[in-house]
Amino acid sequence: MKGLELSKAFFEEYGRPMLESGFNDILPYLAVGLFGSGSECFGFDDEVSTDHDFEAGFCIFLPDEKTVDRRSAFLLERAYAKLPKEFMGYRRNMLSPVGGARHGVIRTAEFFAEKTGTPDGVLSLEQWLTLPEQSLAEATNGEVFFDNYGEVTEIRSRLKAMPESIRRKKLAGNLLLMAQSGQYNYKRCVDRGETAAAQLAVFEFVKSATSVIFLLNKKYQPYYKWSFRALRELEKLSLDAEIMELLLTTNNDGDMAEEKYYSIEGIASDIIDELAEQKLTEAICGDLEKHAYSVNDGIADGEIRNLHILAAV
């Protein structure tokens, strides 16, 4: 059973009855769900995932102390701790008093501040430009089982809505890096016999291309070890994931180097087609650098447009 399914089943069997019987007075202010860190929050968990931090647990989100006071929060924490220690063959972990717990009673503002630097999902321009997308992914993944108060849902909706000018800025910077590393530097490194440098160029190209593909899908890229798993499930350009995996895992000798170069150009061509489909570029060529500047020129917000093209990468 997937971790998210396990969590929801545990909540429905034990969590919901606990809340309805013992905390009916504060129930209108609570939200319950499972999202944040952990492969189970993305639906990527498997047999390997059960070796650490895997349990039948869920999160109970509380608003500020004026709405739900400390005593109510303390009683709720005790009640959660008393829920069955095992469910469907999985042992529950001990709650850590030092913080960092993925389950249990959590103040909504504290959770989102830890993930994004803001308690309410309102991000400044600087935060949108610099906040790692994996943090935004963890703040918006998983599932909310119920949200009577509506605060959690509102914050998550706010964080999911990356401003279009920010998306364009991130696209422009990553497209430029793709051009420099893949279309320009890779072949030059190979021609000089610098095979290690050539592979670094491949890594940079794939890293930037991955970011571009997530941005074109309007999805946040998760933690790097889950990027390819998530990439293969995207609606647009997911087939390029297999090609990029080959780029990363094959050498740069002889015919293979030439094949890699054509693969790089193929990925670039697919991305240019999608840029055109989304009307993000006015350039008409196969040069990613020209498309990068065209995407940047189309940014509506003048302050963001006039920042350095690499300001968001």
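This is a predicted model: local features need pLDDT of at least 70, side-chain atom pairs count only at pLDDT 80 or more; totals for chains, interfaces and linings use all residues.
Leu 237 has a relative accessibility of 16%, so it counts as buried, the cut-off for that class being under 20%. Leu 237 lies in the loop that runs between α10 and α11, the latter spanning 240–249. Its backbone is worth a look: phi of Leu 237 is positive, at about 65°, although the residue is not a glycine. Most residues other than glycine have a negative phi.

Met 88 also has a positive phi, near 50°, and is likewise a residue other than glycine. Met 88 is placed in the loop between β3 (86–87) and β4 (90–91). Its relative accessibility is 49%, and Met 88 therefore counts as partly exposed, since exposed would require over 50%.

Helix α9 covers residues 195–216 and helix α10 covers residues 224–231; their axes come within 11 Å and cross at roughly 55°.

From α9 come Val 206, Thr 210, Ile 213 and Phe 214, and from α10 come Ser 227, Phe 228, Ala 230 and Leu 231. Sorted by class, the contact has 6 nonpolar residues, 2 polar ones and no charged ones.

Helix α9 also contains Ser 208. With 4% relative accessibility, Ser 208 counts as buried. What does Ser 208 touch, leaving aside residues up to four places away in sequence? Its contacts are Asn 174, Leu 177 and Met 178.

The cysteines remain. The structure holds 0 disulfides. Cys 59 is in no disulfide, and the nearest cysteine sulfur, which belongs to Cys 41, is 7.3 Å away; a disulfide would need the two sulfur atoms within 2.5 Å. Is Cys 59 buried or exposed? At 0% relative accessibility, Cys 59 counts as buried. Cys 285 has a relative accessibility of 29% and so counts as partly exposed.

Key:
Residues are numbered from 1 along each chain as its sequence is written. Side-chain values use heavy atoms; hydrogens and water are left out. Axes are lines fitted to C-alpha atoms, for helices over the stretch in contact, and angles run from 0 to 180 degrees between N-to-C directions. Helices (H or I, at least four residues) and strands (E, at least two) are DSSP runs, numbered from the N terminus. Contact means heavy atoms within 4.5 Å. Ala, Val, Leu, Ile, Met, Phe, Trp, Tyr, Cys and Pro count as nonpolar, Asp, Glu, Lys and Arg as charged, and the others, Gly among them, as polar. Buried means under 20% relative accessible area, exposed over 50%, partly exposed in between (1.4 Å probe, protein chains only).
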